[in-house]
Amino acid sequence: MIDLGLRHEMLALQDEYITTLDTDALELWPEMFVDDCLYEIIPKENEDLGLPAPVIRCDNKKMLRDRVVSLRNANIFQQVIYRHFVSGLTCKMIENGLVEMRSSYLVINTSQLGQSVVYQTGRYHDLVVRSDGVWRFKSKRAIYDTSRIQTALAVPI
């Protein structure tokens, strides 16, 4: 039996996450995580074979903040617009206060010329905890199906 209240709260968290990325409010992105978090973007092939080789790995909130600072100040890349679409959300309490959440995602990339293409597809595998009365990600793993990354992977997925 699905706990509809929990599912609603997890859907709201996932929607907030996507809105934060899609509106380029990246300075708010690290605040959605606990201090000792894990954020990874890893190919499905590596995940399936048990190969721990993500293309991006941040293992605390300070690393997430550093990523945003470098995006804003150091990285040079063509500005693009991303739109994330999430479906198939499932969630379950796996122990007291720890929720496992999974969903599929699709990211569309629109260039400055107005051309929209599928940038990446995959699934999120998340662990979520309540911290200071707010749901936050303890772990967020984007496991992508796309065989290659079409452009520089700069913005979080």
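Analyst: Start with pairing: two strands are said to pair if DSSP finds at least two bridges between them. The model is a predicted one. In it, Arg130 has Trp135 in E6 as its bridge partner.

User: What makes E5 and E6 a pair, and in which sense do they run?

Analyst: The definition asks for at least two bridges. E5 and E6 share 10 bridges and run in the antiparallel sense. The two strands form a hairpin with 2 residues between them.

User: What stands out about phi of Asp132?

Analyst: Most residues other than glycine have a negative phi. Asp132 is not a glycine, yet its phi is positive, at about 55 degrees. Asp132 lies in the loop between E5 and E6.

User: Where is Asp24, and what is its phi?

Analyst: Asp24 sits in the loop between helix H1 (4-22) and E1. Its phi is near 60 degrees, a positive value in a residue other than glycine.

User: How do you know whether Trp29 is buried or exposed?

Analyst: Buried means under 20%. Trp29 is at 0% relative accessibility and therefore counts as buried. Trp29 is in the loop between H1 and E1.

User: Which residues does Trp29 touch, leaving out those up to four places away in sequence?

Analyst: A contact needs heavy atoms within 4.5 Å. By that test Trp29 touches Tyr17, Thr20, Leu21, Tyr39, Leu64, Val68 and Pro156. As for Arg65, which is 36 residues away along the chain, its C-alpha atom is 8.2 Å from that of Trp29.

User: Why can strand E4 be called largely enclosed?

Analyst: The test is applied residue by residue, and buried means under 20% relative accessible area. In E4 (residues 98-110), 10 of the 13 residues pass it, so the strand is largely enclosed by the rest of the structure.

User: Which strands pair with E4, and by how many bridges?

Analyst: E3 (residues 81-95) is joined to E4 by 12 bridges, and the two run antiparallel. E5 (residues 116-131) is joined to E4 by 13 bridges, again antiparallel.

User: What is Ser87 in contact with, apart from its neighbours within four places in sequence?

Analyst: Ser87, in strand E3, is in contact with Ser103 and Ser104. The C-alpha atoms of Ser87 and Ser103 are 5.8 Å apart, though 16 residues separate them along the chain. Ser87 has a relative accessible area of 44%, so it is partly exposed.

User: What makes E6 enclosed to the extent that it is?

Analyst: In E6 (residues 134-144), 9 of the 11 residues are buried, so the rest of the structure largely encloses it. E6 also pairs with strand E1 (residues 33-43), by 7 bridges in the parallel sense. Within that pairing, Ile42 has Ile143 as its partner in E6.

User: How many helices and strands are there, and in what order?

Analyst: The protein has 3 helices and 6 strands. From the N terminus the order is α-β-α-β-α-β-β-β-β.

User: How do you know whether the radius of gyration agrees with that of a compact globule?

Analyst: The rule is 2.2 Å times the number of residues to the power 0.38. For 157 residues a compact globule would come near 15 Å, and the protein has 15 Å, so the two agree. Of its residues, 43% count as buried. Among contacts with a separation of 6 or more, 58% are between residues 24 or more positions apart.

Technical notes. Residues numbered from 1 in each chain as written. Predicted model: local features only at pLDDT ≥ 70, side-chain atom pairs only at ≥ 80, totals over all residues. Heavy atoms only, no water. Helix = DSSP H or I, 4+ residues; strand = E, 2+ residues; numbered from the N terminus. Buried < 20%, exposed > 50% of the residue type's maximum accessible area, 1.4 Å probe, protein only.
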